[in-house]
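Here is a short walk through one protein model. Keep the sequence and the 3D view side by side as you read.

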Amino acid sequence: MQRARCYLLGERAVVLELEPPVSLVSQQRIWGLCEQLKDHPQIIEAIPGMNNLTLLLRNPQEMALDAIEHLQRWWEESESSIPDARQVDVPVTYGGSAGPDLPELARYCQMTEKQVVELHSSSRYVVYFIGFQPGFPYLGGLDQRLHMPRRAEPRVSVPAGSVGIGGSQTGIYPAASPGGWQLIGHTSAALFDPYQQPPTLLRPGDSVRFVPQQEGVC
């Protein structure tokens with residue numbers, strides 16, 4: 001079992017944070033603990049993250065310090081939860097104006113742009129958690145050969161639907177926002193719609209495959 005540390009966050013929350021590495025097994029245990037605690041009378045919300053879990057407390061003045069001790073014990077006693085995973089195909093146009101960082105990423109990875117597209121679209125990814133923006137999926141399973149650091153200077157605005165790589169992860173921007181991930185493609189799929197129920201296209205545990213459309217690379 002990975003070691004975990006628990007600490008206070010602000011005035012209303014406690015956090016359980018696991019030591020690296022990030023793994024699907026540990027993430028499944030985080031999902032399980034989140035499910036276990038979602039109806040706890042002293043917890044407003046349990047929020048799963050990548051290798052961590054944040055609890056918003058109903059009465060932090062009374063139970064904050066006790067919550068740290070309880071959270072450590074709950075983690076040690078937790079069990080994995082494997083959600084009913086859906087298989088979701090996401091259409092992507094790679095390269096060109098849709099993926100302006102594809103040439104640089106290809107050079108960094110010592111591949112052709114076509115090889116990057118083939119490698120990126122050949123993997124099955126797992127949604128570890130939704131964060132940063134409503135509907136933004138952090139996907140595990142990126143081939144190590146495509147790992148690349150985020151941009152030294154983030155963009156002021158990344159278009160909605162942009163598919164990017166940041167370090168060891170790949171993901172999709174649901175809405176236009178500043179961002180520092182390497183942009184390699186774009187999808188027309190709507191990842192967040194507040195008028196739908198549920199409002200997010202993807203959920204933790206889903207399996208995602210990127211399907212190349214007419215590519216902007218040779």
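The model is predicted.

Start with the second largest pocket. It holds about 160 Å³ of space. Its lining includes Val22, Met50 and Tyr128. Leu139, Gly140, Gly141 and Leu142 also line this pocket, as do His147, Ser168 and Gln169. By class, the lining divides into five nonpolar residues, five polar residues and no charged ones.

Now turn to the cysteines. A disulfide is a covalent bond between the sulfur atoms of two cysteines. How many disulfides does the structure hold? The count is zero. Cysteine 6 shows why: its closest cysteine sulfur belongs to cysteine 34 and is 15 Å away, too far for a bond. The cut-off for a disulfide is a sulfur pair within 2.5 Å. Cysteine 34 is likewise in no disulfide, with the sulfur of cysteine 6 as its nearest cysteine sulfur. Are these cysteines buried or exposed? Cysteine 6 has 16% relative accessibility, so it counts as buried. Cysteine 34 has 13%, so it counts as buried too.

Next, find serine 162 in strand S9, which spans residues 162–166. Serine 162 is buried, because its relative accessible area is 3% and buried means under 20%. What lies around it? Leaving aside residues up to four places away in sequence, serine 162 touches Gly171, Ile172, Tyr173, Leu183, Gly185 and His186.

Proline 20 and proline 21 are joined by a cis peptide bond, with omega about 5°. Proline 21 sits in the loop between strand S2 (13–18) and helix H1 (24–37). Another cis peptide bond runs from glutamine 197 to proline 198, with omega near 0°. Where is proline 198? It is in the loop between strand S12 (182–186) and strand S13 (207–212).

Finally, check phi. Glutamine 110 is not a glycine, yet its phi is positive, at about 55°. It is found in the loop between helix H3 (102–108) and helix H4 (113–122). Its relative accessible area is 75%, so glutamine 110 is exposed. Phenylalanine 132 also has a positive phi, near 70°. Its place is the loop between strand S6 (125–130) and strand S7 (137–140). With a relative accessible area of 52%, phenylalanine 132 is exposed.

Notes
Residues are numbered from 1 along each chain as its sequence is written. This is a predicted model: local features need pLDDT of at least 70, side-chain atom pairs count only at pLDDT 80 or more; totals for chains, interfaces and linings use all residues. Side-chain values use heavy atoms; hydrogens and water are left out. On a 1 Å grid over the protein atoms alone, a cavity is a set of points where a 1.4 Å probe fits but cannot get out, and a pocket is an open set with protein on both sides within 12 Å along at least five of seven lines; lining residues have an atom within 4 Å of a point. Grid points are joined across faces, edges and corners, and a volume is the space filled by probe spheres set on the points. Ala, Val, Leu, Ile, Met, Phe, Trp, Tyr, Cys and Pro count as nonpolar, Asp, Glu, Lys and Arg as charged, and the others, Gly among them, as polar. Buried means under 20% relative accessible area, exposed over 50%, partly exposed in between (1.4 Å probe, protein chains only). Helices (H or I, at least four residues) and strands (E, at least two) are DSSP runs, numbered from the N terminus. Contact means heavy atoms within 4.5 Å.
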